[in-house]
Each structure stands twice: as C-alpha cells, then as structure tokens.
Amino acid sequence: MGIQIAPSILSADFANLERDIVAVSDADWLHVDVMDGHFVPNLTLGLPVLERLAEVSPLPVDAHLMIEDPDRWAPRYAEAGATSVTFHLEAAADPVRIARDLRALGARSSVALKPGTPVEHVMDVLVEFDMVLVMTVEPGFGGQAFMPETMPKVRALRDAARAAGHPLRIEVDGGIARDTVQAVVQAGADMLVAGSAIYSADDRAAAIAELRRVAGQAAVG
Ligand SMILES: O=C(CO)[C@H](O)[C@H](O)COP(=O)(O)O
C-alpha cells in the first residue's frame, strides 16, 4: 500500500469549493471535515453539502465526522456518497456496530482518536476498521501545530496491524506539512491529511507533489 495524500477542504475557499476540489485532483482522497459545533467548537457543513461535494469530486471522499451521535449519523454519510467515513471513538456508543453498518453500506470504516485518547481502546477490534485516524492536533481547527507526542500511537497501531496481517490504513491529520511528513511516515502513517500546507500554496498540485516526494523519501529512508 503506497502513501496517500488527502487534502482537507477545511482550508479551501468555502465560496469556491468545486474550484478548490478540482485544484487538488492530483491527490488520492478528498478529506471533508464535518463539524457540529458540539463535539468540537467549530461548525462547517453537513449531509446536503457533503452529498454535492461527493458528486463533483474527482476523488473519493473521506468524511471526517467531528460530531456527536455518530451511531446515528455515520451511515447517513455513507449513503450520501462518502467512500470512507471516519467517526470519533470518543463520541461513539458502539464503534463496532458503526463499522459494520458502514461496511454493509459498501463504505470503508474508519475510526478517529483525539490526541489524548489511548490507542488501546481499538487494538482488540482493529480488523473491524479499514483505517484509524490518529489526530495530530486537537480536532476543530486547521493551521495548528503538529503534536509529535502522538507518534507512539501510530507506531503501536502499525505494529499491531502488521502482527495481525491486517492491511490497515493509518491516517494522520493536523499540522502535516513538508517538515512533519518524515516523522509520520517513519512512524507508520500512510494516509496524510493536509489542509493549510496544500491550500496556502499558490500551486496546489506542486504542494501535493512535494508532500509525495518527501513521504516517498521517508518511506525508503
Ligand atoms: O481535522 C482537522 C481539524 O480538526 C483538519 O483536517 C486539519 O486540522 C487539517 O488542517 P491543517 O493541515 O491545516 O493542520
């Protein structure tokens, strides 16, 4: 499994979302941050917007749900067109049930952990998930500083997935840029979400290519 890049549209121009989605079509996934103003202190978009974004996006959509009650809402995002649905463990009543519901709908199941949430909570049920997102900032806002203290969680997940022979994707999100890619890739991450590092660049395709280049070097180095 190669390293994949997922631009986060949190840093895009919300008045020009289609334009800014097409501008990152060299990437692998489109990362869509859904925030409800309760689970996190910020509010972005919901089901009707995600449905249209999935229709116009040339890339598959990973919906990152920073919302309460994912037991109820996560399957709805799969039905709305998200190829992958990432919900937060901290908000879920029955994470395994959610994962099974998502897979039954043909979506990829993915669970996210805030920086302070121990990875042990998902170790026994790792095979239920196609991906684990290790948040490398507190969820809620783009442009925050990367938290290197989250890297042991990435390493532990990669070791556990290898030991189980499970082709788990490990995603990192928050402060991912040219200067942090090496640390996350060497720890075992293979899905890199980047918002400001891509959208603050004049040439988004070049920014994506540069992240790929640095990630590729870190993977072999
Ligand atoms: O989930 C998120 C915030 O909760 C964003 O995806 C993340 O912060 C990306 O922004 P940046 O790359 O600018 O740090």
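Mentor: Start with a definition: strands (E, at least two residues) and helices (H or I, at least four) are DSSP runs, numbered from the N terminus. This is a predicted model, where local features need pLDDT of at least 70, side-chain atom pairs count only at pLDDT 80 or more, and totals for chains, interfaces and linings use all residues. Residues are numbered from 1 along each chain as its sequence is written.

Now look at strand β8 (191-194). Gly195 sits in the loop between β8 and α8 (196-199). UniProt, in an unreviewed entry, lists Gly195 among the "binding site" positions, which also include Ser8 and Gly142. Such annotations may be inferred rather than shown by experiment.

Gly195 is buried, because 25 C-beta neighbours lie inside 10 Å. The cut-offs: buried takes 20 or more other C-beta atoms within 10 Å, exposed 12 or fewer, and partly exposed is in between, with C-beta atoms placed from the backbone. Beyond neighbours within four places in sequence, Gly195 is in contact with Ser8, Leu10, Ser11 and Gly142. Contact means C-beta atoms, placed from the backbone, within 7 Å.

Step back into β8. Met191 and Val193 point one way, Leu192 and Ala194 the other, and all are buried. In a regular strand the side chains alternate between the two faces of the sheet.

Two strands pair with β8; pairing needs at least two DSSP bridges. Strand β1 (residues 4-7) runs parallel to β8, joined by four bridges. Gln4 has Met191 as its bridge partner. Strand β7 (residues 169-173) pairs with β8 in the parallel sense over three bridges. There, Glu171 has Met191 as its partner.

Terms used. Contact = placed C-beta atoms within 7 Å.
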